[in-house]
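Here is my note on the model. Please read the points with the structure open beside you.

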Protein chains: 2
Amino acid sequence: MKQPPDEWLHHAKEPCLLPLGGAGEIGANFYLYTYQGSWIAVDCGQGFLNDAPGGTGTTVPSLDALIDLGIQLDALVITHAHEDHIGALPHLWSRLNCPLYATPFAQHLIRDRLDNRQTWPAMHQVVAGQSYRIGMFEVEWIPVTHSIPEAFGLAIKAGDRLIYHTGDWKIDPSPGVGHGLATSRLQALGREGVDVVVGDSTNAPVAGHSVSEQQVAQGLAKTIQPLEHRVVVSCFASNIARLAALGKVAQQSQRFVTLLGRSMWRLYHAGKACGYLNDFPNPISPRDAGFLPRHEQLWICTGSQGEPEAALSRLATGLHPSLELEAGDHVLLSAKTIPGNELAVERLINALLRLKVDLITSRNALIHASGHPCQEELALLYDWLKPKRLVPVHGEFRHQQAHAQLAMRKGIECQIVSDGELMQLAPTLQRLGEVPHGRWLVDGHRLLAPDSALLDQRRQLAEQGLLQVRIGPGDTVKIQAPGLSLDLATLHQWLQTQLQSGTPANPSRLKVQLERWCWQQWGKRPLILVDLIPNE
Amino acid sequence: MKQPPDEWLHHAKEPCLLPLGGAGEIGANFYLYTYQGSWIAVDCGQGFLNDAPGGTGTTVPSLDALIDLGIQLDALVITHAHEDHIGALPHLWSRLNCPLYATPFAQHLIRDRLDNRQTWPAMHQVVAGQSYRIGMFEVEWIPVTHSIPEAFGLAIKAGDRLIYHTGDWKIDPSPGVGHGLATSRLQALGREGVDVVVGDSTNAPVAGHSVSEQQVAQGLAKTIQPLEHRVVVSCFASNIARLAALGKVAQQSQRFVTLLGRSMWRLYHAGKACGYLNDFPNPISPRDAGFLPRHEQLWICTGSQGEPEAALSRLATGLHPSLELEAGDHVLLSAKTIPGNELAVERLINALLRLKVDLITSRNALIHASGHPCQEELALLYDWLKPKRLVPVHGEFRHQQAHAQLAMRKGIECQIVSDGELMQLAPTLQRLGEVPHGRWLVDGHRLLAPDSALLDQRRQLAEQGLLQVRIGPGDTVKIQAPGLSLDLATLHQWLQTQLQSGTPANPSRLKVQLERWCWQQWGKRPLILVDLIPNE
């Protein structure tokens, strides 16, 4: 696709959407809107690159489009504080260099992660139900329910047009902590006339209605109450309602709560600071908890995804300094497995079963609920909003397609958008062109394009190793070969023969010869560095 | 656990099992049996290491136990030709240096992979129903049904004791090609008295009965018959019955068959050579197939696991030289996703949907069946064999545990065994000790222990890159830094300052200084090689 026409990039007559992360992929949500030369971004999340050299790497949306097209954002607005919506901020916000609008809980978590030595742009605290004028837009935060406190949809006005950006949401009549879903405000928006919804597609392939956090709280209580030994629950730390529910269960079952894992403590403090854990019992320190009788212990820990460094994996492998699981202990996985983590979770489960603990998962007890809308919820939202058009985002193509099919059955115009596509949102959905897009890999203090030649070199180093040969004056040879099981003597001898063959050593010829030799000897193609110091 | 007593290793009074691959893990099946100083091995398969440097690596069982304890095998016997049962042979058989017993189909596939320049030990062709005296054992191949032709269980006699080693199996009344399950022979074994079963646990957590290949054949026919455009089916190449069924469907629906993918052609030739594809229509070449009308094409291809280099992924990304998929083409995934491949398959599915093909999976049509026994089948087998004891293998701990629970409910004595544990099989199950075990990573022509320091170096190279500094006479500096985004000028300047500081350059001090500098500048810890050539 071509680059969009300049007049649309710099003075769009109608509001346009430009997703630079999150459309056609899971993670790294970063949605830009433009109208009459003004630009805002919604969310700025992190993602993962599974085939980074050395394993999984953290990624952030590439800002190439902004740099190449000279786009300056009027603001970055945040819907909620999940890492796939705010996690890129420590790496990108200073480069975006624009004010940020977020609610207190999100602000708390963002500040937690910023490097205090750097100067950051202004941070504005927003209040639900109030409208904020940002550039040529007017933005209102609409309370929704999700698996984290302070989740919001955004009503974005651009001239006469009204866009509803759903953020992550579900219909949860009792979300446990925080506000409920602003149903009547959504219905009012429907009466005003919604031109387009830009919406969460995560669970669009799933029939039915998501489970409420209240049901999960009851399920946890019912499951934990009769348990006789130590209870260990692993869940996403950001699910403050889940934490609150577990605090209540602990009190009801005369257990003391202990938290394990850095992010569990971080989110606990954020939840406490923002008033969401007022009734939560004071957690006792992991060091003290070990002295309690087993049946008085309830541990809440990180690591439900089988992350090897997180608390639960270390418990499962007996490597946690604070707690040693015993046979008969009850371990609850109050989470689902995020795609890509299946093997790690399988490893975790096997390790736990070997310890003869009683493992309880969401397969055999009601102890987890998704935070995203299933088909019935999507249908209800469209009944309330009566939108003319839908652009499904926040999902892979498969999810976007299921979302579009559902909406089209309700007579709503749909277009599937991919990262980098500028889409006109009114009076009809129209692709205007494509801009540079992709991800940057967080690599130490730097951000690298995943197709960088540097990463290819690192992949070669990983798979094939390195052979460094220095030939000094008088044909002295020094060989270094990290990562290769090298028969040094043989190579030395071979090199000497080459060097004594009469023709003067030539680095590029020597490199080719070494490459051939390595392939024959080891079946490997190491990266070869030849350093030839000429005779003086 | 301690090493087993010498007398058991060198002259076991009762038959013992020593799994060196496949017990407590998926893949790399390699089960040793010993009795009165005689040793045989059952199967010798490959596995995968997911966190190998550079991604997923092929592994084979480690032979450290055989080397350390001086064990010489009397033979290697093969149950069937799946890669997790024969795939380690090209790497290990010459080291095992013992005769091999296998049926023609397995032999065909094993020979396919051997390096003809090497001399290999003898290969004996076995016939079902006949007993073979091997060392102190007598082994009979018992026909079973599985997702590959010529699958066998093994009746292993050691003195008065009778062991039934199940191999991979299911109860399939119509397996499509090849022999059926030898039910009456199994019942006869039960009457003789089976001391112990060593058995497949893959589907032990799954209730019910596996689906028959015949039902899959009907499902494929019913699904494909009404389709209007090009049909592309991806399945495991070794499932010859599936190939045969697709050949029949092609003929019935007036389509020409084309095969795509190297292993598809390899298995087609093996199936043909062994008489399992006599009715299969002659496949036409991929080059010619493109000239046929779309509705006359049926392509059978590799790549159901989303392997990026396999045929289906290349079709999905438009990179296959022989075929370009068109909107409306029908793509059938006639396979399940092997754990660990979820993300790759998800990527494949999204890419296919983007092409607007009609995607049909085993979720919405009966087009795949598992090759392993579910709970009803396991129960039936134990009714036939009436074994006194069970050692569940071929599975992770979770699968072994489910298998043991099922058998214990039937009053069968059970012990879960892990790789490296020597287990006495009669008159009771008893762990006698542990021997060295693990996997070797295939690395070019070499085999490396996964905990080799070389691999750690390669992981560091992958994640952190390399910095090579050569300081020659007169403080000349040469820097090479593959894989690092390096500000050469700054580093040069900094190095010159260090070198001019007066104290003579010292490689190890310089290395520490460089490490610190890299961490401050880039947040990276590259592997640092310092090559200091002293002034003459």
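This is a predicted model: local features need pLDDT of at least 70, side-chain atom pairs count only at pLDDT 80 or more; totals for chains, interfaces and linings use all residues.

1. Chain A has 536 residues, and buried residues make up 53% of them.

2. Overall build. Chain A holds 17 helices and 27 strands. Its C-alpha atoms fill a box of roughly 90 × 70 × 45 Å along the principal axes. Take the contacts in chain A between residues at least 6 apart in sequence: 72% of them join residues at least 24 apart.

3. The annotated span. UniProt, in an unreviewed entry, places "domain: Metallo-beta-lactamase" at residues 27-209 of chain A. Treat that label as a record, since such annotations may be inferred rather than shown by experiment. In the model, residues 27-209 are 21% helix and 34% strand. The end C-alpha atoms of this span are 23 Å apart.

4. A residue to look at: A:Ile142. It belongs to strand β10 of chain A, residues 137-144. Is A:Ile142 buried or exposed? A:Ile142 has 23 C-beta neighbours inside 10 Å, so it counts as buried; the cut-off for buried is 20 or more.

5. From A:Ile142 to A:Asp456. These two residues are 314 places apart in sequence. Their C-alpha atoms are 45 Å apart in space.

6. The helix pair between chains. Helix α15 of chain A, residues 453-464, meets helix α15 of chain B, also residues 453-464. The two axes come within 8 Å and cross at roughly 175 degrees. Angles over 145 degrees count as roughly antiparallel, and α15(A) and α15(B) are therefore roughly antiparallel to each other.

7. Who meets whom there. Which residues of α15(A) take part in the contact with α15(B)? They are A:Arg458, A:Arg459, A:Leu461 and A:Ala462. On the α15(B) side are B:Arg458, B:Arg459, B:Leu461 and B:Ala462. The residues of this contact divide into four nonpolar and four charged, with no polar ones.

Conventions:
Residues are numbered from 1 along each chain as its sequence is written. Chains are lettered from A and ligands numbered from 1 in the order in which they are written. Helices (H or I, at least four residues) and strands (E, at least two) are DSSP runs, numbered from the N terminus. A residue is buried if 20 or more other C-beta atoms lie within 10 Å of its own, exposed if 12 or fewer, and partly exposed in between; C-beta atoms are placed from the backbone. Two residues are in contact if their C-beta atoms, placed from the backbone, lie within 7 Å. Axes are lines fitted to C-alpha atoms, for helices over the stretch in contact, and angles run from 0 to 180 degrees between N-to-C directions. Angles under 35 degrees count as roughly parallel, over 145 as roughly antiparallel, 65 to 115 as roughly perpendicular and the rest as oblique. Ala, Val, Leu, Ile, Met, Phe, Trp, Tyr, Cys and Pro count as nonpolar, Asp, Glu, Lys and Arg as charged, and the others, Gly among them, as polar.
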